Amino acid sequence: MWLLLLSLILLQAPAPATPSHAVFESVISMKGGKEIGTIILLSFPSPAPGSAVTGWIQKHDFFPIDSGQVTETGFTFQAAGNTYQLNPRTRRLVYNGIDGSGDKLAKPLDAITGDRKSTRLNSSH
């Protein structure tokens, strides 16, 4: 399901009034030391520092970003009782809150290119 949501976001053609999008994958450690994969979907009207950031973070389920902003080094946001600082240049995700804390690698995901027909799964198989 998260792949479908990710594909829909990445396939949107940018327009002047359309917000910018960024997608990252990472691993986060939950309390008790269990590591899980995560996908972070960010939407922001401008890359200028101080611009609002909305989106979702996936930790088993998707959780909305409660508040966030573009910073000089990337993004900072709060979601599901945790605070996240994501730096795309250093590829680091620093977080702390009710689920624990950590400093992990965050890999940006590239947009899928091509026409819509070639990027869809063939439903006849």
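Visitor: Which residue in strand 3 stands opposite S43?

Guide: Before we dig in, this is a predicted model, where local features need pLDDT of at least 70, side-chain atom pairs count only at pLDDT 80 or more, and totals for chains, interfaces and linings use all residues. Residues are numbered from 1 along each chain as its sequence is written, and side-chain values use heavy atoms, with hydrogens and water left out. Strands here are DSSP runs (E, at least two residues; helices are H or I, at least four), numbered from the N terminus. In strand 3, the residue facing S43 is T54.

Visitor: How many bridges join strand 2 to strand 3?

Guide: Strands of a sheet pair through backbone hydrogen bonds, either parallel or antiparallel. Two strands count as paired if DSSP finds at least two bridges between them. Strands 2 and 3 run antiparallel, and the bridges joining them number five.

Visitor: What is the strand order in the open sheet?

Guide: The sheet has nine strands with antiparallel pairing. Its edges are strand 4 (61-64) and strand 5 (67-70), each pairing on one side only. The twist averages 20° from one strand to the next. Reading across, the order is 4-3-2-1-9-8-7-6-5.

Visitor: Is K59 buried or exposed?

Guide: K59 lies in strand 3 (residues 54-59). Buried means under 20% relative accessible area, exposed over 50%, and partly exposed in between (1.4 Å probe, protein chains only). The relative accessible area of K59 is 5%, so K59 is buried.

Visitor: Which side chain makes a polar contact with the side chain of K59?

Guide: Contact means heavy atoms within 4.5 Å, and, leaving out residues up to four places away in sequence, K59 touches several residues, including I28, Y84 and D99. A polar contact needs a pair of N or O atoms within 3.5 Å; within protein, one must be able to donate a hydrogen and the other to accept it, and residues adjacent in sequence count only if both atoms are side-chain atoms. At 2.4 Å, the partner is D99.

Key:
Axes fitted to C-alpha atoms, helices over the stretch in contact; angles between N-to-C directions.
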